[in-house]
Amino acid sequence: MRKITKLILLFLLLAIFAGCLAACNNGDMLDGMYKVQFKFNGGSLSTDTSTVNDASTFGYAYEEKGVLILDPVKKYSHAGTTDAISRDKYVFTGWYKDVGCTVKWDFDKDTLQDDLLILYAGWELAINHTYSVRYWDESSAKEVILGTYKLSDSDISAGAKFNDRRNYANLRKGYTSLGEYYKDKECTQPWDYDYTHPGGDSDLDVPVYAKYLQGEYILVRNYQNLYDAINGDGNLRGNVYIMNDFDCGGEELQIQTLNYEFNGNGKIISNITVNPFGAFSLCMIHTIGDKGQMHDVTFNNVKYVISENSMPTMEIAVLAQGTTQKQLQLTNVHINGTVVNNSTNNYDLSGLFEGNGCWLINGNNKVVLSNSGYGITLETKE
């Protein structure tokens, strides 16, 4: 009987010892131990058996000081989350050593040094400060949001400026983003890049509207962009849209076949050098294909260079040597420039840049192509 009694007492002592290491959520901390108490500051923690808050005392007891303590949020949450602890309209930020939640407790480094340690749950308002990249869809008469930069992504905070770093504007199918952003859906008020997000204590989304071209285009802002838009075989890689005036600095421009749209957007491309295609033709574009079109562009101060080995029957064209089109798709194309003859051949170049005269010369035989209806103007650069 005495042996049984001793075993029962031993079992009770072990149970008490185990309880010293377990959580106490019944309103009483264990006496005679080094204790950690957690204050939820308006939140609550879901354990395996119940939900606790500041209406009860919750904590752990330890046998000795100088030890790392257990984080109850990590213990009861799903891996990689803090979903065990919650507070309506707030986000949990961690456990803190002070009531003001300014000094955070590090569960990997900080150790228990006091008889009673109290840790306080930190919270911040669960608000969304966002920039949303969007466009106005005329077909559905609705605004379409392509992507949002959120505070929770550590992208946006009070005072942050807009930057489409993830290129959300490029996600609209069948359209090319011009890389321009606006305050209004009509895209008439350019975005102010000095604007900062005002933040605040409530959700606030600031819409930013992207501007588009329908279709797929290669955007050209300088000579290098234009050069890159031409394949190694001399053909355009796709439709081209000129974004602004630019100077080519005398660099060469030659297009073997124009079979896409060249949209000049009313801009001026200056100081181009045009060299011969071999010894038999000199032109900016060798052939305008069936789908080729060019409009609303000015080529300023173009220099056409006749090389020393050019043949007497060389074909010289200000724009293109030939086309497969029955009706040229050229509108508002303006070219001015000069011809430099480095050969011993005497070419009759008179009228080459005349507005309504010939724009193609086959050797000494002028071939007059009417510019009527195309809006093409050609003139000699003085």
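Let's start with glutamate 143, which makes a salt bridge to arginine 134, with 2.6 Å between the closest N and O atoms. Keep in mind, everyone, that this is a predicted model. Glutamate 143 is partly exposed, at 32% relative accessibility, while arginine 134 is buried, with a relative accessible area of 12%.

Now, which aspartate does arginine 134 also form a salt bridge with? That would be aspartate 205, and here the closest N and O atoms are 3.1 Å apart. Aspartate 205 is partly exposed, with a relative accessible area of 31%. Through shared partners, then, Arg134, Glu143 and Asp205 are joined into one network of salt bridges.

How many salt bridges does the structure hold? There are 5. Another one I'd like to show you pairs lysine 65 with aspartate 115, at 3.3 Å between the closest N and O atoms. Again the pair links distant parts of the chain, 50 residues apart: lysine 65 is in the loop between strand 5 and helix 2, and aspartate 115 is in the loop between strand 7 (90–96) and strand 8 (116–125). As for accessibility, lysine 65 is partly exposed at 36%, and aspartate 115 is partly exposed too, at 48%.

Aspartate 71 lies in the loop between strand 5 (59–62) and helix 2 (72–76). What aspartate 71 does have is a polar contact of 3.2 Å, side chain to side chain, with tryptophan 95. Setting aside neighbours within four places in sequence, aspartate 71 is in contact with Trp95 and Phe107.

Three strands form an open, antiparallel sheet in the order 4-3-6. Strand 4 (51–52) and strand 6 (85–86) stand at the edges with a single partner strand each, so one side of each is left without a neighbour in the sheet. Strand 3, residues 44–46, pairs with strand 6 in the antiparallel sense over 2 bridges. If you want to find that pairing on screen, look for serine 44, whose bridge partner in strand 6 is serine 86.

Finally, a word on confidence. The mean pLDDT of the protein is 83, and 81% of its residues reach 70 or more. Over residues 6–29 the pLDDT stays under 50, and the model has 32 contacts beyond four places in sequence for them. Over residues 355–382 the pLDDT is also below 50, and this stretch has 80 contacts beyond near neighbours in sequence. Where pLDDT is low, the predicted coordinates should not be read in detail. That caution applies when you look at the contacts of residues 6–29, where pLDDT is under 50.

Thanks, and I'm happy to take questions.

Terms used:
Residues are numbered from 1 along each chain as its sequence is written. Side-chain values use heavy atoms; hydrogens and water are left out. Helices (H or I, at least four residues) and strands (E, at least two) are DSSP runs, numbered from the N terminus. A polar contact is a pair of N or O atoms within 3.5 Å; within protein, one must be able to donate a hydrogen and the other to accept it, and residues adjacent in sequence count only if both atoms are side-chain atoms. Contact means heavy atoms within 4.5 Å. pLDDT is the predictor's confidence in each residue, from 0 to 100. Two strands pair if DSSP finds at least two bridges between them. A salt bridge is a side-chain nitrogen of Lys or Arg within 4 Å of a carboxyl oxygen of Asp or Glu. Buried means under 20% relative accessible area, exposed over 50%, partly exposed in between (1.4 Å probe, protein chains only).
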